[in-house]
Amino acid sequence: MGDILYIVVPCYKEEEVLPETAKRLKEKMDNLISEGKIAENSRIVFVNDGSTDSTWEIIKELHINDKVFSGINLSRNRGHQNALLAGLMTVIEYADVSISMDADLQDDIGAVDRMLDKYYEGFDIVYGVRSRRDTDTFFKKFSAEGFYKLMELLGAKIVFNHADYRLMSKRALQGLGEFREVNLFLRGIIPMIGYKSTTVEYERGERFAGESKYPLKKMITFAFEGITSLSIAPIRFIGTIGAILMLIGIIMLIAGVGLILSSVWFIGGIQLIAIRVIGEYLGKIYLETKARPRFIVDEFINEN
């Protein structure tokens, strides 16, 4: 008999896709159990992140009809990263191994088998990595790949083309629990755990139903959150720009060039950007010192 697997699925207003997601995950779990890859008391855990639709009601009904489904209801909406962390930290005492994925069925469920194979080979963390981005628009493909390259340039260690589809062993989850920061960017935190890891490639499909929870504005915010959570390179970059501007000013003064008005506007813009970036870091320090809970579980329905 294999180890106990808990599949953790954060959900925010997923009433349209949840029945199909549950159906496909149930089929996968049944196959894995029949093949002896996982234990019979393995579970699928849906984490309701303060949804205002019928997501939680659907989760409770799924649990009543089949105990393979468990549910975690957060006290309020805390965002995808906090909801995912809430699920992982809640199941840590029940699961030998966990796999996290989104509810929209864009992550290839078939990759679960290969993730488990790598786990049984001795890997504590297995990252699901997109093999290609053919289903993305040009802008989304360009911006996403540009983000990963920018993070690497800034010194942040993240896995290229990996989102939050990953396998983690129990000791990897325990290692994750040692990280206490309030400002979460799990794609950057988990590689810091340091245990043996590998990747599994998969093709990401179209969303089965419903609307994307990551429009352009939210994606930009998420990217900025990741950069400022993992690297202080932006502050150093501001210092470099300041030194360059000072040098240009000295050269212009020696050369007798006027351009006072344009220089004032340019330098003023740089100052405002600098204040914004520094303010972001100060805000993060402020939130960290308060040490507010990253999530509060209102209800956990589970059958051992």
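Student: How many helices and strands does the protein have?

Tutor: The protein has 10 helices and eight strands, and in this predicted model buried residues make up 45% of its 304 residues.

Student: Which residues of helix 2 are buried?

Tutor: Helix 2 runs over residues 55-65, and its buried residues are Thr55, Trp56, Ile58, Ile59, Leu62 and His63. Looking down the axis of helix 2, you would find these buried residues within an arc of 160 degrees, so they line one face of the helix.

Student: Why do residues three or four places apart point the same way in an α-helix?

Tutor: They do so because an α-helix has 3.6 residues a turn.

Student: What do the buried residues of helix 2 pack against?

Tutor: They pack against strand 1 (5-11), helix 1 (18-34), strand 2 (43-48), strand 3 (69-74) and strand 8 (297-301).

Student: And which exposed residues sit on the face turned away from the buried side of helix 2?

Tutor: That face carries the exposed residues Ile64 and Asn65.

Student: Changing topic, how many salt bridges are there?

Tutor: The count comes to nine salt bridges. One of them joins the side chains of Asp117 and Lys37, with 3.0 Å from N to O. Asp117 belongs to helix 4 (residues 111-120), while Lys37 is in the loop between helix 1 and strand 2, so this pair ties together parts that are 80 residues apart in sequence. Asp117 itself is partly exposed, with a relative accessible area of 33%.

Student: What does Asp124 form a salt bridge with?

Tutor: Asp124 forms a salt bridge with Arg171, and their closest N and O atoms are 3.0 Å apart. Since Asp124 lies in the loop between helix 4 and strand 5 (125-130) and Arg171 lies in helix 6 (residues 170-176), the pair ties together parts that are 47 residues apart in sequence.

Student: Is Asp124 buried or exposed?

Tutor: Asp124 counts as buried because its relative accessibility is 9%, and the cut-off for buried is under 20%.

Student: Which side chain does Asp164 meet in a salt bridge?

Tutor: Asp164 meets the side chain of Arg187, at 3.7 Å from N to O. Asp164 is in strand 6 (residues 162-169) and Arg187 is in helix 7 (residues 186-189), so the parts tied together here are 23 residues apart in sequence. Asp164 is buried, with a relative accessible area of 7%, and Arg187 is buried too, with 15%.

Student: Which residues are linked in a network of salt bridges?

Tutor: Lys26, Asp30 and Asp66 are linked in such a network.

Student: Now the surface: which residues make the nonpolar patch?

Tutor: Ile278, Leu282 and Ile285 make a nonpolar surface patch of about 280 Å². Leu282 is found in helix 10 (residues 260-290) and is exposed, with a relative accessible area of 54%.

Student: Last one: where is Phe179, and what is it in contact with, leaving aside its neighbours within four places in sequence?

Tutor: Phe179 is found in the loop between helix 6 and helix 7. With those neighbours set aside, Phe179 is in contact with Ile189, Met192, Ile193 and Arg294. The C-alpha atoms of Phe179 and Met192, which are 13 residues apart along the chain, are separated by 9.6 Å.

Methods:
Residues are numbered from 1 along each chain as its sequence is written. This is a predicted model: local features need pLDDT of at least 70, side-chain atom pairs count only at pLDDT 80 or more; totals for chains, interfaces and linings use all residues. Side-chain values use heavy atoms; hydrogens and water are left out. Buried means under 20% relative accessible area, exposed over 50%, partly exposed in between (1.4 Å probe, protein chains only). Helices (H or I, at least four residues) and strands (E, at least two) are DSSP runs, numbered from the N terminus. The arc is that of the directions from the helix axis to the C-beta atoms. Contact means heavy atoms within 4.5 Å. A salt bridge is a side-chain nitrogen of Lys or Arg within 4 Å of a carboxyl oxygen of Asp or Glu. Patches are made of residues with over 30% relative accessible area and no salt bridge: like charges are joined within 9 Å, nonpolar side chains (Val, Leu, Ile, Met, Phe, Trp, Tyr) within 5 Å. Accessible areas come from the Shrake-Rupley method with a 1.4 Å probe; for residues, only the protein chains shown count as cover.
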